[in-house]
Amino acid sequence: MRGTSTTIPLQNPSLFNNPQTSLAGALKGCIGSLDGACLEKLLLHCASALENNDVTLAQQVMWVLNNLASSNGDPNQRLTSWFLRALISRASRVCPNATNNNNNLHNLDRRLMSVTELAGYVDLIPWHIFGFCASNSAIYKAIEGNTKVHILDFSISHCMQWPTLIDAIAKRPDGPPSLRISVPSWNWSLHRSMCQVKKLASVWRISRNLEMPLLNSMYLPDDEQIKGAISSRERFLDRVKDLNPCIVTIVDEDCDLGNSSLTSRIATCFNYLWIPFDVLETFLPKDSRQRLDYEADIGHKIENIIGFERNQRIERLESCTNYSQRMEKNGFMSVPFCEETIKEVKSLLDEHASGWGMKKEEHDMLVLTWKGHNSVYATSWVMVPPQIDMRIHE
């Protein structure tokens, strides 16, 4: 299932010998050792107890998990330690006395990765580069022949995608276009990144206008909506259509975290986020400060997914299949990536260690895989011409 499964010996197997307890039932088949599947089962059992306000059972499961999870263990143990932290965070607000005996957990403050740290992560694994390469190629093809180009960048990658595209369009046989890049966000790190992109554009003699409008970061929750109301994502796509773009590229993690059920989110999240933990286990030593920082960044995402609800929960990824259906419903049609793009992406992945792969799926999407598991998807879209009927017939 999740990479290489490591067996974890139980120090006190007799804890589960009473078949009458709910905890023993949850661990049926796991007595004597616990692998990744059983750790997931424990997490789900704890989540179910919290959802049912069963404080006693939640305490029991947390106690067991606290003795099994480890920030210094194998990928499953390290991942579990962050899930446990998130469950404790959630429980502490519902029933504060339920979390008194979990002092062994790491207690790190939230710190966003700097531009330099993000650049190191981008160089280490193709998680971001895959999307940069695929979308830049689609954009380059879409703007052929245009003398003026305006890009709206809603990503969180500090403009790292654009130097490669700027280099490509600077070498166009018909000369580079006038380029304008707008980024609807603001912070000092982004400001410095934009200054670097401006310098590159100057070197390549491209007329440029890089803007940073003072807007809030895009927050588009889509579950728990008022019945009958139009969701934030639908409204956002309506605004995108109003701009009449020649192309829209979407690159995101292929995971669906919109479910209002805590147990469903834990199951989905656990079976997805083992990927970056397994990757970091492969490429960085356990005592690497870089690895600890990257895992902490993922861990804080887990805290938000599991520990919070409603407006406090900002992590609401949508799977590629769901988002593609949303795009079609809102008047867009997918554009297949050309063979040249596919070859370029494959060539890029060949530069990384084995384990990474790429596949094509429905809706003309490209998917980055790790050991055969979907991790990141890339798609490109154009608006449906008025004369084409894209309605799905029953």
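The legends below describe close-up views of a predicted model.

Local features are taken at pLDDT of at least 70 and side-chain atom pairs at pLDDT 80 or more, whereas totals for chains, interfaces and linings use all residues. Residues are numbered from 1 along each chain as its sequence is written, and side-chain values use heavy atoms, with hydrogens and water left out.

**View 1. The whole protein.** The protein has 13 helices and 10 strands (DSSP runs numbered from the N terminus: H or I of at least four residues for helices, E of at least two for strands). Of its 394 residues, 48% are buried (buried, under 20% relative accessible area; exposed, over 50%; partly exposed, in between; 1.4 Å probe, protein chains only). Of the contacts between residues at least 6 apart in sequence, 72% join residues at least 24 apart (contact: heavy atoms within 4.5 Å).

**View 2. Strand β10 and its partners.** Strand β6 (residues 248–253) runs antiparallel to β10 and is joined to it by 6 bridges (strands pair if DSSP finds at least two bridges between them). Glu253 stands opposite Val376 in β10. Strand β7 (residues 332–334) is also antiparallel to β10, with 3 bridges, and Ser334 faces Trp381.

**View 3. The hairpin of β9 and β10.** Strand β9 (residues 365–370) is joined to β10 by 5 bridges in an antiparallel arrangement. Thr369 stands opposite Asn374 in β10. The hairpin has 2 residues between the strands, and Lys371 takes a positive phi near 55°.

View 4. Asp238 and Lys241 form a salt bridge through their side chains, 3.9 Å from N to O (salt bridge: a side-chain nitrogen of Lys or Arg within 4 Å of a carboxyl oxygen of Asp or Glu). The two residues are 3 apart in helix α9 (residues 232–242), separated by about one helical turn. Asp238 is partly exposed at 31% relative accessibility, and Lys241 is partly exposed at 26%.

View 5. The side chains of Glu281 and Arg291 meet in a salt bridge of 3.1 Å, N to O. This pair links distant parts of the chain, with Glu281 in helix α10 (residues 262–283) and Arg291 in helix α11 (residues 289–307), 10 residues apart. Glu281 is partly exposed at 27% relative accessibility, whereas Arg291 is buried at 2%. Arg78, Glu281, Arg291 and Glu295 are linked in a salt-bridge network. Asp293 and Arg289 form a salt bridge at 3.2 Å, N to O; both lie in helix α11, 4 residues apart.
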